[in-house]
Amino acid sequence: MATMLAEEYDFSLTQHGDEHVIKNSFSDALIFCMKQANTQEERARWMSLLAKAPNATLTHAVRNYGTLPSFVWLRRPETGLAMVRARTGGSGTQFNLGEMSVTRCALRLNSGEMGVSYISGRNIKHAEWAAVFDALMQSEHADRVADIILAPIGQALAERQAQITVRAEEARVDFLTMVRGENV
Amino acid sequence: MNAMTESGLLPAWNDPVHDAQATFRTVLKALAEPGLSHTLPVAVTAPTPLSLSSAALLLTLADLETSVWLAPVLNTLQVCEWLRFHCGCRLVADKADAQFAVISMPEPDLRLETFAQGCMEYPDQSATLLVQVPSFTAGPARVLSGPGIPATRLLHVAGLPPDFHQQWQENFVSFPRGVDMVFCCGDAMIGLPRTTRIQSEQPECM
């Protein structure tokens, strides 16, 4: 099984159709946005939840949240390709697993907080919402966002993981050797 | 209140792809018609003390493969963060390493030969200077000639050092090596490529 290395993502300069070319390397942009973060790990956790949110869950949660604050775009949503690198067996030689499309954006709420998102795929609305809630998580609305947005996402992801585990369990084969008595 | 808030970062373009294309077209025209002032066709948000046109040129020309040197007066935290975020370019400390240099006039010790000149085999490895000047109407009248100029053309750029004519002469004779310049003032720009000769310079007549 291939293990993806987060720090090895690198945006390649591919342009297709009207999509924008992503120029910065993934890690640079993240480091820039988070260099002042004293709760870096916490922010990484909620950014990850927002990025992985299933579409239906996120849409529903946003509807429950109500009016979203107004903001200015620092970087409008743009879709590009990221090369995913992996190691054979999780520890072997590195190789390029393949490219995936990534959409990113950055915005600043009128109250001053800056929100950033990187999501897989090309759902622009998802990227926008993820960035808005990233910014809101840094504001005094953090508790409300955690309850209404993050909690259902976490639950949905956990349920999906549980289903995967159950299905994997069903297909598990335990190899065992009958004791044949040689050692007796 | 919150360490994560980076409220200082400004946006750049409204429409990155098309605005950069329009700006590229403008600087192409500016360098093809030396001495003529061209106005930026798009709106851009620039952090002070960058002028609108030099900010737009950096957004258009600088990317993660490009090295940029900022004159000390422009080298503020806000400008550096803005460039890193929107261009992803490398900011270099040594001006000789820079492919693009941004300078703001008046700059007493502007020496053209201290920037990358390229070599005879690769004259394209020279620097392009984006020079912010206070005015395109004041200043001495310089008579330009060369490719892109039918006969002669008058260049009015204020704030250049007194020995600029001499420096440009040296830059001109070292062709194909030498630097190219784009003067930036507000949202306008004037190109001065290394192929342009400054024939004479009249003192400022007011």
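A residue counts as buried when its relative accessible area is under 20%. In this predicted model, both Phe164(B) and Trp168(B) are buried. The two residues stand four apart in helix α4 of chain B, residues 164–173, which means that about one helical turn separates them.

## Aromatic pairs

A pair of aromatic rings is described by the distance of the centres and the angle of the planes. Over all chains, the count comes to five aromatic pairs. One of them joins Tyr65(A) and Phe133(A): the ring centres are 5.4 Å apart and the planes stand at 80 degrees, so this pair is edge-to-face. Tyr65(A) belongs to helix α3 of chain A, residues 55–65, and Phe133(A) to helix α4 of chain A, residues 124–136; the pair therefore ties together parts that are 68 residues apart in sequence. Tyr65(A) and Phe133(A) are both buried.

Phe164(B) and Trp168(B) form a stacked pair, with 6.1 Å from centre to centre and 25 degrees between the planes. Together with Phe183(B), Phe164(B) and Trp168(B) make up one aromatic cluster.

## Architecture of chain A

Chain A contains five helices and five strands. Along the sequence these elements follow the pattern β-β-α-α-α-β-β-β-α-α. Chain A has 184 residues, of which 42% count as buried. Among its contacts between residues at least 6 apart in sequence, 61% join residues at least 24 apart.

## Packing of α2(A) against α5(A)

Helix α2 of chain A spans residues 40–52, and helix α5 of chain A spans residues 142–170; their axes come within 9 Å and cross at roughly 65 degrees. Angles of 65 to 115 degrees count as roughly perpendicular, and α2(A) and α5(A) are therefore described as roughly perpendicular to each other. The crossing of α2(A) and α5(A) is left-handed.

On the α2(A) side, the contact is made by Trp46(A), Leu49(A), Leu50(A) and Lys52(A). These residues meet Ile149(A), Leu150(A), Ile153(A), Gly154(A), Leu157(A) and Arg160(A) of α5(A).

## An enclosed helix in chain B

Helix α2 of chain B covers residues 52–61, and eight of its 10 residues are buried, so this helix is largely enclosed by the rest of the structure. The buried residues in α2(B) are Ser53(B), Ser54(B), Ala55(B), Ala56(B), Leu57(B), Leu58(B), Leu59(B) and Thr60(B).

## Cis peptide bonds in chain B

Most residues other than glycine have a negative phi, and most peptide bonds are trans. The bond from Met105(B) to Pro106(B), however, is cis, with omega near 0 degrees. Pro106(B) is located in the loop that runs between β4 (100–104) and β5 (128–132) of chain B.

The peptide bond from Phe175(B) to Pro176(B) is also cis, with omega near 10 degrees. Pro176(B) occupies the loop between α4 and β8 (180–185) of chain B.

## Surroundings of Ser200(B)

Ser200(B) is part of strand β10 of chain B, residues 197–202. With a relative accessible area of 26%, Ser200(B) is partly exposed. Leaving aside residues up to four places away in sequence, Ser200(B) touches Ala141(B), Arg142(B), Val143(B) and His165(B). Between Ser200(B) and Asp124(B) there are 76 residues of sequence separation and 27 Å in space, taken from C-alpha to C-alpha.

Technical notes
Residues are numbered from 1 along each chain as its sequence is written. Chains are lettered from A and ligands numbered from 1 in the order in which they are written. This is a predicted model: local features need pLDDT of at least 70, side-chain atom pairs count only at pLDDT 80 or more; totals for chains, interfaces and linings use all residues. Side-chain values use heavy atoms; hydrogens and water are left out. Axes are lines fitted to C-alpha atoms, for helices over the stretch in contact, and angles run from 0 to 180 degrees between N-to-C directions. Angles under 35 degrees count as roughly parallel, over 145 as roughly antiparallel, 65 to 115 as roughly perpendicular and the rest as oblique. A crossing is left-handed if the near helix is turned anticlockwise from the far one by less than a right angle, and right-handed if clockwise. Contact means heavy atoms within 4.5 Å. Buried means under 20% relative accessible area, exposed over 50%, partly exposed in between (1.4 Å probe, protein chains only). Rings of Phe, Tyr and Trp (its six-membered ring) pair if their centres lie within 6.5 Å; planes under 30 degrees apart count as stacked, over 60 as edge-to-face and the rest as tilted.
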